[in-house]
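Let's take a walk through a protein fold, starting with its ring-bearing side chains and moving on to its sheets. Keep the picture open as you read.

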Amino acid sequence: MSRKVMCVFGTRPEANKMCPLVKELESRKEIEALVCVTAQHREMLDQMLAIFDVHPQFDLNIMEKQQTLTTITSKAMLGLEEVFRQVKPDIVLVHGDTTTTFAAALAAFYNHVPIGHVEAGLRSFDLQSPYPEEANRRLVGVLADVHFSPTVNNAENLKRENVQAPIFITGNTAIDALKLTVKEDYVFEDEALRQLDFGARKVIAITAHRRENYGQPMENIMEAFAHLASNHPEVQLVYPVHLSPYVQEVAHRHLDGLDNVLLVQPLGVADMHNLLARSYMVMTDSGGLQEEAPALGKPVLVLRRETERPEAVEAGTVRVIGTDRDVLIAEAEELLREGERYHSMAHAVNPYGDGFACRRIVDDLLYFLGEKDLPAENFFAK
């Protein structure tokens with residue numbers, strides 16, 4: 001009799017990392033793979049589901065205008081409680097640190113359903129940054145019955161917190177996703193990207209959307225982007241602008257009218273991955289891009305005060321530079337000179353995975369459920 005394994009997610013970043021895992025689960029005869037989406041993000045989530053050809057059995061469709069963390073949490077928990085009662089899964093898998101992740105873990109706990117935490121053990125050690133993600137992942141860490149940590153460092157974080165549940169080191173499923181999406185002959189879905197000559201200028205892929213950067217930090221970031229575009233005609237900035245009304249307003253106010261800044265709608269995962277692959281460097285406050293860009297040999301400047309992904313900093317492919325306007329400009333200009341720093345960052349070893357994280361997670365899950373005699377070998381960066 002197959003085991004019912006339900007993956008729950010609701011945002012584009014979760015889908016990017018969970019859809020490859022769903023496909024691996026579906027390939028195993030011992031497992032009945034089920035998917036429930038909350039649609040905390042609707043449009044961006046649907047893009048991801050289509051790209052990976054994942055078809056949820058349950059869609060809570062909770063997104064509403066001006067939704068708050070409270071409304072997301074409460075609506076997700078109420079909907080998930082009904083789904084869990086109906087399906088009675090053997091285990092629920094949640095990912096990372098979103099509000100959907102926390103709501104799903106708490107709903108599973110209340111309904112006595114075991115919880116598996118994918119991408120477990122990341123820590124910034126500051127509950128306010130990133131907000132609310134740091135709190136979400138710590139809370140899920142308390143509730144989870146089994147932890148799938150991408151790196152040794154993540155697993156050690158959990159051990160220091162005296163976590164008693166099993167911990168497996170698997171690599172990050174984001175690297176698995178790249179194997180499915182990045183292609184030399186890829187044709188972009190976004191019309192503006194199709195028209196872009198990636199050989200004419202040094203393309204900098206940029207993103208900025210974190211809540212903790214709202215206000216003066218975001219103004220500083222946009223001013224730095226505008227300065228780089230205005231003072232470096234050899235550069236092309238490409239910015240998929242988050243759908244947040246605040247981010248949309250500040251981005252367009254600072255960057256509209258600059259001929260070497262391309263503002264586009266949020267990209268599907270295949271477009272985003274192939275944009276990274278063809279870029280010169282990346283400037284971002286995103287978490288996931290800190291994992292994906294190093295795997296593609298692209299230096300990353302992180303527009304935050306801290307990172308819960310220190311492995312790439314230690315490896316030398318990521319630099320955390322904060323949000324001071326002048327620092328951002330100086331750090332970017334240093335890399336644009338193509339000196340030793342750029343080349344050392346571009347050729348650093350990616351510490352996040354080898355493309356087989358999903359296989360390890362499913363093997364470890366079957367071991368945890370008593371369906372296999374041995375777990376997978378832990379992932380260790382070379």
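Eight aromatic pairs turn up in this structure. Rings of Phe, Tyr and Trp (its six-membered ring) pair if their centres lie within 6.5 Å; planes under 30 degrees apart count as stacked, over 60 as edge-to-face and the rest as tilted. Here are two of the pairs.

| Pair | Distance between centres | Angle between planes | Kind |
|---|---|---|---|
| Phe109 and Tyr110 | 6.2 Å | 45° | tilted |
| Tyr280 and Tyr342 | 4.2 Å | 10° | stacked |

A quick word on where this comes from: the model is predicted, so local features need pLDDT of at least 70 and side-chain atom pairs count only at pLDDT 80 or more, while totals for chains, interfaces and linings use all residues. Residues are numbered from 1 along each chain as its sequence is written, and side-chain values use heavy atoms, with hydrogens and water left out.

Why does the pair of Tyr280 and Tyr342 tie together parts that are 62 residues apart in sequence? Tyr280 sits in the loop between α11 (269-278) and β11 (281-284), whereas Tyr342 belongs to helix α15 (residues 340-346), so their pairing bridges that gap. (Helices, H or I with at least four residues, and strands, E with at least two, are DSSP runs numbered from the N terminus.) Both Tyr280 and Tyr342 are buried. Buried means under 20% relative accessible area, exposed over 50%, and partly exposed in between (1.4 Å probe, protein chains only). Phe109 is partly exposed, at a relative accessible area of 46%.

Rings can also gather in groups: Phe148, Phe168 and Tyr367 are linked into a cluster by ring pairs. Charged side chains get involved too. Lys179 lies over the face of Phe356, 4.1 Å from the ring centre, and Arg278 lies over the face of Phe198, at 6.0 Å from the ring centre. The rule for this is that NZ of Lys or CZ of Arg is within 6 Å of the ring centre and within 35 degrees of the ring normal.

Now for the sheets. Strands of a sheet pair through backbone hydrogen bonds, either parallel or antiparallel. Two strands are said to pair if DSSP finds at least two bridges between them.

Is strand β4 (residues 91-95) mostly covered or mostly open? Mostly covered: five of its five residues are buried. Ile91, Leu93 and His95 are buried on one side, and Val92 and Val94 are buried on the other. Strand β1 (residues 3-9) runs parallel to β4 and is joined to it by three bridges, with Cys7 opposite Leu93. β4 also pairs with strand β5 (residues 115-118), in the parallel sense over four bridges, and there Val92 faces Ile115.

Moving along, β5 and strand β6 (residues 146-149) pair in the parallel sense over three bridges, and Gly116 has Val146 as its bridge partner in β6.

Within β5 you'll find His117, which counts as buried at 1% relative accessibility. Leaving aside neighbours within four places in sequence, His117 is in contact (heavy atoms within 4.5 Å) with residues including Val94, His95, Arg137, Val146 and Phe148.

There is also an open sheet of six strands, ordered β10-β9-β8-β11-β12-β13 with parallel pairing. Its edge strands are β10 (261-264) and β13 (318-320), and the twist averages 20° from one strand to the next. Strand β9 (residues 235-240) is joined to β10 by four bridges, one place to look being Tyr239, whose bridge partner in β10 is Leu263. Helix α11 packs on this sheet, touching β8 (202-206), β9 and β11. Eight of the ten residues of α11 are buried, so the helix is largely enclosed by the rest of the structure; among them are Met272, His273 and Leu276.

Definitions and conventions: Axes are lines fitted to C-alpha atoms, for helices over the stretch in contact, and angles run from 0 to 180 degrees between N-to-C directions.
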